[in-house]
Amino acid sequence: MQDALALHETLLGELPAEDRAKRGRLLSDVAWDRIQWVNWNRRYDHPWLAQAQSEASQALELADAPLEQVMASEVLLVAEALSF
């Protein structure tokens with residue numbers, strides 16, 4: 001999980017800001033990586049939960065394709081469920 005997060009964060013940092021579609025997909029991937037870590041370690045009070053919600057919200061704003069919108073929305077839903 002941490003390796004995937006490191007890879008996705010590196011790719012996100014190297015991606016030009018104007019490539020909105022890829023940025024949205026990578027933000028969804030980064031958010032999922034964080035959610036998986038939080039859930040696996042049962043650290044529901046970890047700051048990554050809020051960060052994943054923020055990244056998923058950004059991904060939802062950048063998403064053009066319906067599938068990408070569903071993926072970002074799903075991250076938001078899972079993050080919200082884990083925060084209770």
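**Close-up 1. Helix α2 passes helix α4 in a left-handed crossing.** In this predicted model, local features need pLDDT of at least 70 and side-chain atom pairs count only at pLDDT 80 or more, while totals for chains, interfaces and linings use all residues. Left-handed means that the near helix is turned anticlockwise from the far one by less than a right angle. The axes of α2 and α4 (residues 66-82) come within 10 Å and cross at roughly 25°, which makes the two helices roughly parallel (angles under 35 degrees). Axes here are lines fitted to C-alpha atoms over the stretch in contact, with angles from 0 to 180 degrees between N-to-C directions.

**Close-up 2. Here are the residues where α2 meets α4.** Contact means heavy atoms within 4.5 Å. From α2, look for Ala21, Arg25, Ser28, Asp29, Ala31, Trp32, Ile35 and Asn39; from α4, the partners are Glu68, Met71, Ala72, Glu74, Val75, Val78, Ala79 and Leu82. Sorted by class, there are 10 nonpolar, two polar and four charged residues. Residues are numbered from 1 along each chain as its sequence is written, and side-chain values use heavy atoms, without hydrogens or water.

**Close-up 3. Helix α2 from end to end, residues 20-41.** Just beyond α2, arginine 42 adopts a positive phi of about 50°.

Close-up 4. The ring centres of tryptophan 37 and tryptophan 48 are 5.0 Å apart and their planes stand at 65°, so the pair is edge-to-face (centres within 6.5 Å, planes over 60 degrees apart). Tryptophan 37 sits in α2 and tryptophan 48 in helix α3 (residues 47-62), 11 residues apart.

Key: Helix = DSSP H or I, 4+ residues; strand = E, 2+ residues; numbered from the N terminus. Expected span 1.5 Å × (residues − 1). Parallel < 35°, antiparallel > 145°, perpendicular 65-115°, else oblique. Nonpolar A, V, L, I, M, F, W, Y, C, P; charged D, E, K, R; others polar. Phe/Tyr/Trp six-rings, centres within 6.5 Å; stacked < 30°, edge-to-face > 60°.
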